[in-house]
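Here are my notes on this model, as numbered points. Please read them with the structure open.

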Amino acid sequence: MAGVSLMLVRVVAVACVLAVGAVAQLSTTYYDGSCRSLQSIVRSGMTSAVQKEPRMGASILRLFFHDCFVNGCDASVLLDDSSTLTGEKNAAPNANSLRGYEVIDAIKSRVEAACPGTVSCADILALAARDGVNLLSGPTWAVPLGRRDARTASQAAANSNLPSPTSNAATLVSTFASKGLDSRDLVALSGAHTIGSARCASFRSRVYNDTNINAGFAARRRQICPAQGSDGNLAPLDALSSVKFDNGYFRNVVSQFGLLHSDQELFGAGGGVDSITAQYARNSGAFARDFVTAMIKMGNISPLTGSNGEVRANCRKPN
C-alpha cells in the first residue's frame with residue numbers, strides 16, 4: 001500500500017511539472033481566485049456518480065477523449081442537436097455509445113450556483129475525467145484549466161477523427177500523431193480500457209474473425225455477442241478488473257485477451273508499439289506516470305482560450 005501511495009505522489013509531482021511548464025496557455029490555478037470550490041464540487045459529483053455506477057468513471061473519461069479528438073477540448077461533444085446546429089452526439093462513433101451527459105449537467109448546475117458564468121463545460125469535463133480515473137484506484141494529477149466552450153460542433157469531424165475499434169496499429173499511430181500525440185501516448189491512453197465496457201457491435205468482428213485471440217476467451221465473448229443482433233450487449237474491456245484502474249488491460253493484450261481489434265493491435269501485430277505495451281504489462285507505475293503525461297497532452301489539444309468561445313450556462317446549448 002505504501003508503494004502505491006508513493007507512486008501516486010510521484011505521478012502528481014510529474015503532472016504538476018508538466019502542467020506548469022509544457023501547457024503554458026492553460027493553468028492549474030486558473031480558477032483559484034474566481035471559483036475556489038470548483039474542484040470539490042466536481043469531485044463530489046463524480047463520487048456520487050461512480051458510487052452509483054462504477055462504470056461511469058470510464059464513461060466520463062471516454063467522453064473527454066471523444067471531445068478532445070474532435071476540434072480540440074472545447075465541450076463540443078456535449079452540444080445537443082437543434083434546428084441550427086448538428087452536434088456530435090449522433091456521429092457514428094458516439095451514437096448509442098457515449099454516455100454520462102447527465103453527470104456533467106448535474107455538476108455544471110452546482111458549479112453555476114456557486115460561481116455563475118465562470119467555469120466552462122470543457123474544464124468541468126477535464127476535471128471529471130481525472131476524478132473518475134482516481135475514484136477507480138487510478139492516479140490523480142493537477143489539471144491545467146482555462147478552456148472555453150465552443151459555440152458549434154462538427155458531426156463530420158467526429159465521424160472522421162475518432163479512431164475505430166477496427167483500426168490497425170499504423171492507423172492508430174497516424175491518428176494520434178495528427179493530434180500531437182506520440183506512440184507512447186497512444187499506448188498509455190489506450191490503457192483507459194482497463195475500465196469500462198464495450199458494446200457487442202464493436203467487438204463482434206474481433207471474436208468471430210480474428211486469429212490473434214485466445215480461443216477460450218473468444219468463445220466466452222461469443223456467448224455475449226451473437227453473430228447477429230444484440231449489438232448493445234456489453235462485455236468488460238479488461239477481463240481481469242473492469243472497475244479498477246490498473247495495468248490489467250496490458251496483461252490481457254499481451255496474452256491475446258484484447259477485446260477490441262484495436263486493443264490487440266498494440267501487441268504482436270507489428271505496429272512498433274509492442275515494447276511499450278509489454279513494459280506497461282510489467283510495470284504499473286510506468287503506465288500510471290505515462291497515462292498522466294498523455295492525459296495532460298491530450299487535454300491541451302487546441303483549447304479555446306482568452307476571448308475565443310464562451311462559458312456556456314448550459315452545457316447542451318450555446319448561450
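1. What share of the 319 residues in the chain is buried? The figure is 52%. Keep in mind that this is a predicted model.

2. Overall build. The chain holds 14 helices and two strands. Its radius of gyration is 19 Å, close to the 20 Å from the globule rule for 319 residues, so the chain is as compact as a globular protein of that length. Along the principal axes, the C-alpha atoms fill a box of roughly 55 × 50 × 35 Å.

3. Take the contacts between residues at least 6 apart in sequence: 77% of them join residues at least 24 apart. The chain exposes about 12,900 Å². Carbon and sulfur atoms supply 51% of that area. There are 30 positive and 24 negative charges, and their mean positions lie 4 Å apart.

4. The annotated site. An unreviewed UniProt entry gives the annotation "binding site" to Thr 194, Asp 238 and Asp 246. These residues span 53 residues in sequence, yet no two of their C-alpha atoms are more than 9.7 Å apart, so they gather at one spot.

5. Thr 194. This residue sits in the loop between α8 (183-190) and β1 (197-199). Is Thr 194 buried or exposed? Thr 194 is buried, at a relative accessible area of 0%; the cut-off for buried is under 20%. Leaving aside neighbours within four places in sequence, Thr 194 is in contact with Asp 238 and Asp 246, among others. The list also includes Ser 241, Ser 242, Lys 244 and Phe 245. Gly 248 and Tyr 249 are in contact with Thr 194 as well.

6. Asp 238. The loop between β2 (234-236) and α11 (248-254) carries this residue. Asp 238 is buried too, with a relative accessible area of 1%. Not counting residues up to four places away in sequence, Asp 238 touches Thr 194 and Asp 246, as well as His 193, Gly 248, Tyr 249 and Asn 252.

7. Helix α8. How many of the eight residues of α8 are buried? Six are, so α8 is largely enclosed by the rest of the structure. The buried residues are Asp 185, Leu 186, Val 187, Ala 188, Leu 189 and Ser 190. Their cover includes α7, α11, α13 (274-282) and α14 (284-299).

8. Arg 184. This residue is also in α8, but Arg 184 counts as partly exposed, at 32% relative accessibility. Which residues does Arg 184 touch, not counting those up to four places away in sequence? They are Ile 276, Gln 279, Tyr 280 and Asp 290. Arg 184 and Thr 194 are 10 residues apart along the chain, and their C-alpha atoms are separated by 16 Å.

9. Where is Pro 163 found? It is in the loop between α6 (155-161) and α7 (169-177). Pro 163 is partly exposed, with a relative accessible area of 22%. Beyond residues up to four places away in sequence, Pro 163 touches Phe 65, Phe 69, Leu 172, Thr 175 and Phe 176.

Key. Residues are numbered from 1 along each chain as its sequence is written. This is a predicted model: local features need pLDDT of at least 70, side-chain atom pairs count only at pLDDT 80 or more; totals for chains, interfaces and linings use all residues. Side-chain values use heavy atoms; hydrogens and water are left out. UniProt positions are given in the numbering used here, feature names are shortened, and annotations may be inferred rather than shown by experiment. Helices (H or I, at least four residues) and strands (E, at least two) are DSSP runs, numbered from the N terminus. Buried means under 20% relative accessible area, exposed over 50%, partly exposed in between (1.4 Å probe, protein chains only). Contact means heavy atoms within 4.5 Å. The radius of gyration is taken over C-alpha atoms; the globule rule is 2.2 Å times the number of residues to the power 0.38. Accessible areas come from the Shrake-Rupley method with a 1.4 Å probe; for residues, only the protein chains shown count as cover. Lys and Arg count as positive and Asp and Glu as negative; His and the chain ends are not counted. The place of a charge is taken as NZ of Lys, CZ of Arg, CG of Asp or CD of Glu.
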